[in-house]
Amino acid sequence: MTNKVIDIIGAPSTFGQRKLGVNFGPDAIRYAGLVSRIKAIGLSVNDKGNIEVPFLDIEKFNSEQKGLRNLNEIATVSSNLCKSVSESISENHFPLILGGDHSIAIGSISGVSQHYNNLGIIWYDAHGDLNVPEESPSGNIHGMPLRILAGDGDPSLVEIGGDNPKVKAENIVLIGMRDLDIGEKKYIKENNIKTFTMADVDRIGINQVIEESLSYLKDKTDGIHLSLDVDGLDPVETPGTGTRVLGGLTYRESHFALELLHSSNLITSMDVVEVNPLIDQNNHTAEQAVSLVGSFFGETLL
């Protein structure tokens with residue numbers, strides 16, 4: 001990982017949920033010093049800017065299309081992002097994708113999956129994001145991306161980038177879970193998805209959680225994508241995010257987790273999502289995101 005150029009790809013989409021502002025997340029993270037932080041580690045960085053996203057019509061925002069909010073816009077975002085991420089990997093670069101809400105993972109991981117036969121995913125989040133439209137309490141697509149990537153959902157999203165599914169259920173690890181809907185719990189149990197709830201983190205510690213996650217994935221996958229939702233951390237740490245859930249991972253636990261993931265040299269691509277500067281405090285959450293990315297890319301105290 002460390003000998004690759006880091007491609008920064010912004011996906012400024014707010015269409016997957018109802019709160020405006022997360023579309024400013026990529027630039028808020030940049031403003032918090034992302035590029036200089038990575039360069040200071042000694043890595044090469046290529047900021048590719050933001051992908052093109054549909055015009056945000058405030059009057060029509062949150063329109064339902066086949067029961068799903070902003071479906072057509074999200075399909076467009078996903079297709080554009082899939083192409084940009086796939087191009088990055090084709091150049092043997094490491095794609096670092098900045099969201100936007102978590103629905104952007106449909107596009108990013110669809111692009112990543114084109115280059116792997118058995119992609120693994122570590123989903124670092126308070127939520128499973130495993131809903132299907134008929135079971136979703138909200139119709140918000142940011143609660144569905146992982147299920148879509150596993151092959152269940154609207155065809156316009158499931159079929160982005162070709163191959164389907166993009167990931168097998170047995171190649172998914174969920175970390176930090178503390179808010180799961182009824183349908184998600186059922187799906188996790190039926191598919192025996194490797195899941196670490198916050199109770200598990202409390203019981204065995206983040207070190208063992210990461211070690212078990214990597215051990216579970218490393219021999220059966222040929223690449224591992226890390227999808228980091230800042231609401232995986234406790235809201236005290238990351239207040240500027242749209243679906244806050246108390247009792248999350250601490251700042252130190254998260255940094256240590258990312259240090260361990262860096263040391264493994266197994267992560268081949270990464271998303272950082274759900275930074276919303278409009279509901280943040282002095283861009284604190286974007287600054288936390290930059291600091292976490294620093295740990296992931298090998299930043300050390302000494």
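The legends below describe close-up views of one predicted model.

Residues are numbered from 1 along each chain as its sequence is written, and side-chain values use heavy atoms, with hydrogens and water left out. Because the model is predicted, local features need pLDDT of at least 70 and side-chain atom pairs count only at pLDDT 80 or more, while totals for chains, interfaces and linings use all residues.

**View 1. Helix α9 and its surroundings.** Helix α9 covers residues 251-264; helices (H or I, at least four residues) and strands (E, at least two) are DSSP runs numbered from the N terminus. With 14 residues, α9 reaches 20 Å from its first C-alpha to its last, close to the 20 Å expected at 1.5 Å a residue; the expected span is 1.5 Å times one less than the number of residues. Its buried residues are E253, S254, H255, A257, L258, L260 and L261, where buried means under 20% relative accessible area, exposed over 50%, and partly exposed in between (1.4 Å probe, protein chains only). The cover over these residues includes β6 (119-124), α8, β9 (223-229), β10 (267-273) and α10. Just after α9, N265 has a positive phi of about 60°.

View 2. Is S254 buried or exposed? S254 counts as buried because its relative accessibility is 0%. Not counting residues up to four places away in sequence, S254 touches Y124, L233, L249 and L292; contact means heavy atoms within 4.5 Å.

**View 3. The crossing of α9 and α10.** The axes of α9 and helix α10 (residues 284-296) come within 7 Å and cross at roughly 35°. Axes are lines fitted to C-alpha atoms, for helices over the stretch in contact, and angles run from 0 to 180 degrees between N-to-C directions. This crossing of α9 and α10 is right-handed; a crossing is right-handed if the near helix is turned clockwise from the far one by less than a right angle, and left-handed if anticlockwise. On the α9 side are Y251, S254, H255, L258, E259, L261 and H262, which meet Q288, S291, L292, S295 and F296 of α10. By class, the residues of this contact are 5 nonpolar, 6 polar and 1 charged. Ala, Val, Leu, Ile, Met, Phe, Trp, Tyr, Cys and Pro count as nonpolar, Asp, Glu, Lys and Arg as charged, and the others, Gly among them, as polar.

**View 4. Helix α4 and its packing with α3.** Helix α4 (residues 104-113) is largely enclosed by the rest of the structure, because 10 of its 10 residues are buried. The axes of α3 and α4 lie 7 Å apart at an angle of about 35°, and the crossing is right-handed. From α3 the contact draws on I74, S78, L81, C82, V85, S86 and I89, and from α4 on I104, I106, G107, S108, S110, G111 and V112. This contact of α3 with α4 has 8 nonpolar, 6 polar and no charged residues.

**View 5. K83 on α3.** K83 is located in helix α3 (residues 71-90) and counts as exposed, because its relative accessibility is 54%. K83 and I160 are 77 residues apart in sequence and 9.7 Å apart in space, C-alpha to C-alpha.

**View 6. S227 in strand β9.** S227 belongs to strand β9 and is buried, with a relative accessible area of 0%. Leaving aside neighbours within four places in sequence, S227 is in contact with H102, A105, I122, W123, Y124 and D271.
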